[in-house]
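Here's a quick briefing to read alongside the model. Have the sequence and the 3D view open as you go.

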Amino acid sequence: MEATSLKSNLGLTQEEIALYLGVTRSQWSMYCIGKRKLSTEALEKLTHLLRFSQNQISTKKGIKTIIKARKKVIQVLENKLAKTELKVFLQTKKRLHFEKKQQEIEKSITCVAFLKSQNTSKLALKIIENRINKELQTYNETNRLLLITQINLLKEEIKSLKISLKKLMKT
C-alpha cells in the first residue's frame, strides 16, 4: 500500500488516514512498508476508503471522457454549421443568377414579339425562339421554387444546429 497514492488521490495526510483507521501514524507507516498488519476493522475502513478513492479516479476519468466527447460533438456541429452556411450562400447566389436569367428570358420574349412585327427572317426568329425554349426548360418557375425551398431547408438546418450548439455550450 502506498500512502503517497492515497495522499494524491484523496488529499489526506498519513496522520489523517491513521486517525480514520483508528491506528497510530507509526502503525500506518509500518503497514505501508509491509512490516505490520492492520486489524480487521482497520482493513475494512481502508477498503471503503480505497473504493472511494477508486470511484473518485473513475469519476474524474469519466468526466474527462465526457468533456472530450462533448468537445468533439461541438466541433462536428460547428463544422456542419459552417458547411451549411456555405451551402446557403452558394444556393442564394445560384438563385440570384437564376432570377437574372428569368428576367433575360422575359426580355428575349418581348424582343421576339417585336422582331416578328418587323418581318424579321423566320430563320433568325426560329434560332432565337429555340434558345429561349431551351432556357425556359432550365429557368422555369418550378425550378426556381425548388431552389428557394432548398435554401429554406438549409436555413432551418442552420437554426437547428445553432440551437444544438447553444445547448451544448450551456452544459
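K101 is found in helix α4, residues 40–117 (helices are DSSP runs of H or I with at least four residues, numbered from the N terminus). K101 is buried, with a relative accessible area of 17%; buried means under 20%, exposed over 50% and partly exposed in between, using a 1.4 Å probe and protein chains only. Keep in mind that this is a predicted model, where local features need pLDDT of at least 70 and side-chain atom pairs count only at pLDDT 80 or more, while totals for chains, interfaces and linings use all residues. Residues are numbered from 1 along each chain as its sequence is written, and side-chain values use heavy atoms, with hydrogens and water left out.

- Setting aside neighbours within four places in sequence, K101 touches E135 and Y139 (contact means heavy atoms within 4.5 Å).
- T110 also has its place in α4, but T110 is exposed, at 55% relative accessible area.
- From T110 to T120 it's 10 residues in sequence and 14 Å in space, C-alpha to C-alpha.

- N119 lies in the loop between α4 and α5 (122–138), and at 72% relative accessibility N119 counts as exposed.
- Most residues other than glycine have a negative phi.

**Helix α6**
- L161 sits in helix α6, residues 141–170, and counts as buried at 8% relative accessibility.
- Beyond its neighbours within four places in sequence, L161 is in contact with L77, K80, L81 and T84.
- L161 and T84 are 77 residues apart along the chain, yet their C-alpha atoms are separated by 9.4 Å.

**Where α2 meets α3**
- The axes of α2 (residues 14–21) and α3 (residues 25–32) come within 8 Å and cross at roughly 100°; axes are lines fitted to C-alpha atoms over the stretch in contact, with angles from 0 to 180 degrees between N-to-C directions.
- α2 and α3 are therefore roughly perpendicular to each other, a label that covers 65 to 115 degrees.
- On the α2 side, Q14, E15, I17, A18 and L21 meet R25, W28 and S29 of α3.

**Rings**
- K45 lies over the face of Y20, 5.9 Å from the ring centre (for Lys, NZ has to be within 6 Å of the ring centre and within 35 degrees of the ring normal).
- Searching the whole structure turns up 2 aromatic pairs, meaning Phe, Tyr or Trp rings (six-membered ring for Trp) with centres within 6.5 Å.

Technical notes: Helix = DSSP H or I, 4+ residues; strand = E, 2+ residues; numbered from the N terminus. Parallel < 35°, antiparallel > 145°, perpendicular 65-115°, else oblique. Phe/Tyr/Trp six-rings, centres within 6.5 Å; stacked < 30°, edge-to-face > 60°.
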